[in-house]
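Visitor: I would like to learn how to read the features of a fold, from its outline down to single residues. Could you walk me through one?

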Amino acid sequence: MEALLLIDVQNDFLPGGSLAVEGGDEVIPVINKLQEHFQLVIATQDWHPISHKSFVSNHSGKSVNDVVEVRGKSQILWPDHCVQASEGASLSGKLSQHRIEAVFRKGTNPEIDSYSAFYDNGRLKSTGVAEFLRGRGVKRLYIAGLAGDFCVYYSAKDAIKEGFVTYIIEDAVRSVYPEKFPAVVADILKEGGFVINSIDLLTS
């Protein structure tokens, strides 16, 4: 059983959003085609309370991209984004959603961020994604979405640790810092994962 995991294809990460990933909207047509290839499609949403400690607005005198310590963990400060029930937190209206069976929300604890689809950054709480996938008999997991150097990356690392044969679909991913994505690829390959192109799936 194979599944497609869509990471945070939300308005705030798209052009015009509060934490826009350059070219983020370019992944949507690719993802929409890919969904037809899979029996199971699931998605994640960043779903932050307004008091979230990753928001620069909650740290007096700090700037975006500053790094602070929150509960013993380093935390990059971001613009306020994906606030619960906001338009920015909504999945993109251009994203085909009729094949998405379940949406898992993450980053709900104001005290800790959650880059990975599987756990918060402190690995204190599971999102339930791994259990859901295992319950459906999934062995191979393909990951697409935003952003390649953060949530896609950490989701792929955790997917490998959870025992899934893990693939990042490179042309269905965009990064906050594109120059850092080659290091992501190198690390995922080192950990035993794979990085492929959508054409490898769409022509198979």
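Predicted model: local features only at pLDDT ≥ 70, side-chain atom pairs only at ≥ 80, totals over all residues.

Visitor: What radius of gyration does the chain have, and what would a compact globule have?

Guide: A compact globule of 204 residues would have a radius of gyration near 17 Å, and the chain's 16 Å agrees with that. Along the principal axes, the C-alpha atoms fill a box of roughly 55 × 30 × 30 Å. Buried residues account for 52% of the chain. If we take contacts between residues at least 6 apart in sequence, 73% of them join residues at least 24 apart.

Visitor: Which residues lie nearest the centre of the largest cavity?

Guide: They are Phe 13, Leu 19, Asp 46, Phe 150 and Cys 151, out of 15 lining residues. This cavity holds about 160 Å³ of space, and its lining has ten nonpolar, two polar and three charged residues.

Visitor: And which strand gives the largest share of the lining of the second largest cavity?

Guide: Strand E4 (residues 73-76) does, with three residues. The lining residues include Val 70, Glu 111, Ile 112, Asp 113 and Asn 121. The volume is about 50 Å³, and the lining has two nonpolar, three polar and three charged residues.

Visitor: Let us turn to the backbone. Which peptide bond is cis?

Guide: Look at the bond from Leu 146 to Ala 147, where omega is near -10°. Ala 147 sits in the loop between strand E6 (140-146) and helix H3 (151-161).

Visitor: Is Cys 82, with its positive phi, buried or exposed?

Guide: Cys 82 is buried, with a relative accessible area of 0%. Its phi is near 50°, and its place is the loop between E4 and strand E5 (100-106). Asn 65 also has a positive phi, near 80°, in the loop between strand E2 (40-46) and strand E3 (67-70). Asn 65 is partly exposed, at 42% relative accessible area.

Definitions and conventions: Residues numbered from 1 in each chain as written. Heavy atoms only, no water. 1 Å grid on protein atoms, 1.4 Å probe; cavity = no way out; pocket = protein on both sides within 12 Å on 5 of 7 lines; lining within 4 Å. Points joined across faces, edges and corners; volume = space filled by probe spheres on them. Nonpolar A, V, L, I, M, F, W, Y, C, P; charged D, E, K, R; others polar. Helix = DSSP H or I, 4+ residues; strand = E, 2+ residues; numbered from the N terminus. Rg over C-alpha atoms; globule rule 2.2 N^0.38 Å. Buried < 20%, exposed > 50% of the residue type's maximum accessible area, 1.4 Å probe, protein only. Contact = heavy atoms within 4.5 Å.
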